[in-house]
Amino acid sequence: MVNRLKKFFSGTYLGLMLVFLYAPILILIVYSFNQSKTLGNWTGFTFDWYVQLFRTPEITDALVVTLSVAAISSIVATVLGTLAAIGLHAMKRRDRLLLENISQLPMVNPDLVTGISLMLLFLFVGLRDGYTRLLIAHITFNLPYVIFSVLPKLRQSSDMLYEAALDLGCTPMQAIQKVVIPDIMPGIVSGLIMAFTLSLDDFVISFFAGNGVDNLSMYIYATARRGVNPALSTIIFVPVVTLLLIVNLKSIREERNAELQSKKVGLKR
Amino acid sequence: MKQTKSIKEKLAKGMRIRRSVFAYPYVLWMAVFILAPMLLILYYAFTNDGGITVENIVQAASWDNLKVLIDSVRFALYTTILCLLLGYPVAYLLSQMKKTSAALLSVFFIVPMWMNFLLRTYAWKVLLSAFTKILYTESAVLLGMVYNFLPFMILPIYTTLIKLDKSYIEAAADLGANPAKTFLKVVFPLSMPGIISGVTMVFIPSTTTFAISQLLGGGKTMLYGDLIYMKFITEQSWSTGSALSIILLAFVLISMTFMKKAERTTSDEGGGRLW
């Protein structure tokens, strides 16, 4: 009885917190199918908001900018960052610690300060192009996340593999490509995913470092007073949730399978 | 024999140095896009018409600006406390569940972290203006901040709690402690490292938040981030803006060292206090 009561209360509490976290977005999504312009006044079902969404060039442009900047910046950051991690890992302790500390700066720095510092640099060197500015800014703040998700994998893997590959006649480049990279692949992939999602989500750094070319966050900020097309929330929410659920469910299932496997192995013994 | 070995060693050493070459493109990137911009902020903060000066810092540390910083810290503190009060039970209840259902449910608590933060804040703006009268008040800003930072409190506490060795809890029960006492004397102290990293992940970003106060406070609540924005963009006063950024950075670094220290002492004591 006490147990059931406990379960009831804990379930209610978790449920309420989930409502708190999801209600605003879900209400916006529901509202995106509503004919009326005002919330809380249901006048009929419509796809008008969605039609309008794809007919608003500012939104489609911002969508393209967001996705392309996220894709390019995360890939560049992953390549640069993985190579950097491999290089850092092979360095002398003192050099490595110095560089690792500087690398942490964008993670420690408030986004506001990172954004402003980049803005100052772009103004100083006279870089005007808004898209290039966004790309550089996003690559810069993505890099440390890639480096620090690859470095632990490098520490787990053995240096012997690399040396063995060299002994067997690989050039350093081949050894990296054929031996080291496959070994640290999980770190690279999680770095890439993290970089991609961070880039999709960024507002503050883009807002200060950018110049005239808006990503979705900047668009929402600029139009918040007039009102943002609620269909946008569906466009952003549904893919992100689906992607995250797929990734996480897969890892949960793998974990469970591994658990079952280890139990089976235990039984055999 | 010895000689060949040393040649081989030298070669291997040579290869080692060669491998660090892979970091060079990044080091160059870092120098240009991380270090140089920070040096620019320092330059603007500490120079005036080409001469070195602390005047900008002194000016930026005016009472009016410090009041804004204090206000931001107050907001960040409220946010942190509310996130802890709301988030700790979530993390605790999740950690008490069966492993697979907890893993699934915890995903739902973390997903909002990955959703466009501006859109989520905007959603609250729409909701508050349609159903309540608190839009453009301090409560609205606070609500938006708690909403945005809550997952960052839940996640680290949850990860600490699931790693917690269950035999401590069993031992406490065996020694006659009731569940409440077990929680207070065993579980809570042992989850301290998670609490501290949650507090760090909420307090520091919420001190420097920008945009939440503008969207939900309607410009009535001025936080430190808004002040820096105003100096740079509206007033185009780069030296004052840079000086304000330096003050913020100093504040963040000090709070972080403080938290790190707290983390170290609790993780030491957490083990020690048990015995």
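Helix 6 of chain A passes helix 9 of chain A in a right-handed crossing, a crossing being right-handed if the near helix is turned clockwise from the far one by less than a right angle, and left-handed if anticlockwise. This is a predicted model, in which local features need pLDDT of at least 70 and side-chain atom pairs count only at pLDDT 80 or more, while totals for chains, interfaces and linings use all residues. Residues are numbered from 1 along each chain as its sequence is written, and chains are lettered from A in the order in which they are written.

Helix 6 (residues 130-156) and helix 9 (residues 185-201) of chain A pack at about 155°, with their axes 8 Å apart; helices are DSSP runs (H or I, at least four residues), numbered from the N terminus, and the axes are lines fitted to C-alpha atoms over the stretch in contact, with angles from 0 to 180 degrees between N-to-C directions. The two helices are therefore roughly antiparallel, a term for angles over 145 degrees. Among the contacting residues are A:F141 and A:Y145 of helix 6 and A:M194 and A:L198 of helix 9, where contact means C-beta atoms, placed from the backbone, within 7 Å.

| Domain of chain B | Residues |
|---|---|
| Domain 1 | residues 2-53 |
| Domain 2 | residues 56-274 |

The C-alpha centres of these domains of chain B lie 34 Å apart, and six residues of domain 1 are in contact with eight residues of domain 2. On the domain 1 side, helix 2 (residues 24-46) of chain B gives the most, with four residues.

Technical notes: Domains from an automatic or database assignment. Contact = placed C-beta atoms within 7 Å. Parallel < 35°, antiparallel > 145°, perpendicular 65-115°, else oblique.
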